[in-house]
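Dear colleague,

Please find the structure below, together with its sequence. My findings follow it, and I would ask you to read them with the model open.

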Amino acid sequence: MSRELFMHEALVLAREAAQRGEVPVGAVVVKDGAVIGRGCNQPMSASDPTAHAEIVALRDAARTIGNYRLSGCDLYVTLEPCAMCSGAILHARVARVVYGARDPKTGACGSVIDLFSEPRLNHQTAVEGGLLARECGELLEEFFAARR
């Protein structure tokens, strides 16, 4: 599958979150060209402040492979990860994060802070932003416009 197809799969998950009234963010974890973990935002429905799409996808992937270390995996997410999710991504040893829309309020891949550029951390994760940014951003804009 191509990078765009993985991000489209994350967008499908983001739309599912929006249908449930959650902020529309979706994420998939990919290893060796196959999706091994999926997640969408669910902190409200799960009554869990850690139930961001990235965390849900990481947990799903870890269960799938039977290991909390996700070495050699890529994470595709529709919105730039926050500090909490970035920390989990680093602890899981994810190889690369690919995100869609930037998050100027809580983004931890350079928009507000950049945890991934900290050389003192014992793991380095590559980051690529802007994949299908327009589609990812429009989904968020439409969601919040409807709530106003």
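This is a predicted model: local features need pLDDT of at least 70, side-chain atom pairs count only at pLDDT 80 or more; totals for chains, interfaces and linings use all residues.

Helix H3 itself covers residues 53-65, which makes 13 residues. From its first C-alpha to its last it reaches 18 Å, close to the 18 Å expected. The buried residues in H3 are Ala 53, Glu 54, Ile 55, Val 56, Ala 57, Leu 58, Ala 61 and Ala 62.

A search of the whole structure finds zero disulfides. Cys 82 is in no disulfide, and the nearest cysteine sulfur, in Cys 85, lies 3.8 Å away. Because a disulfide requires sulfur atoms within 2.5 Å, the 3.8 Å between the sulfurs of Cys 85 and Cys 82 is too far for a bond. Cys 82 counts as buried at 14% relative accessibility, and Cys 85 counts as buried at 0%.

Finally, Asp 114 is found in the loop between strand S4 (96-101) and strand S5 (126-129). With 33% relative accessibility, Asp 114 counts as partly exposed. The side chain of Asp 114 reaches the backbone nitrogen of Phe 116 at 3.1 Å. Leaving aside residues up to four places away in sequence, Asp 114 touches Ala 108 and Cys 109. Asp 114 and Ser 86 are 28 residues apart in sequence, and their C-alpha atoms are 9.1 Å apart in space.

Yours sincerely

How values were computed: Residues are numbered from 1 along each chain as its sequence is written. Side-chain values use heavy atoms; hydrogens and water are left out. Helices (H or I, at least four residues) and strands (E, at least two) are DSSP runs, numbered from the N terminus. The expected span of a helix is 1.5 Å times one less than its number of residues. Buried means under 20% relative accessible area, exposed over 50%, partly exposed in between (1.4 Å probe, protein chains only). Contact means heavy atoms within 4.5 Å. A polar contact is a pair of N or O atoms within 3.5 Å; within protein, one must be able to donate a hydrogen and the other to accept it, and residues adjacent in sequence count only if both atoms are side-chain atoms.
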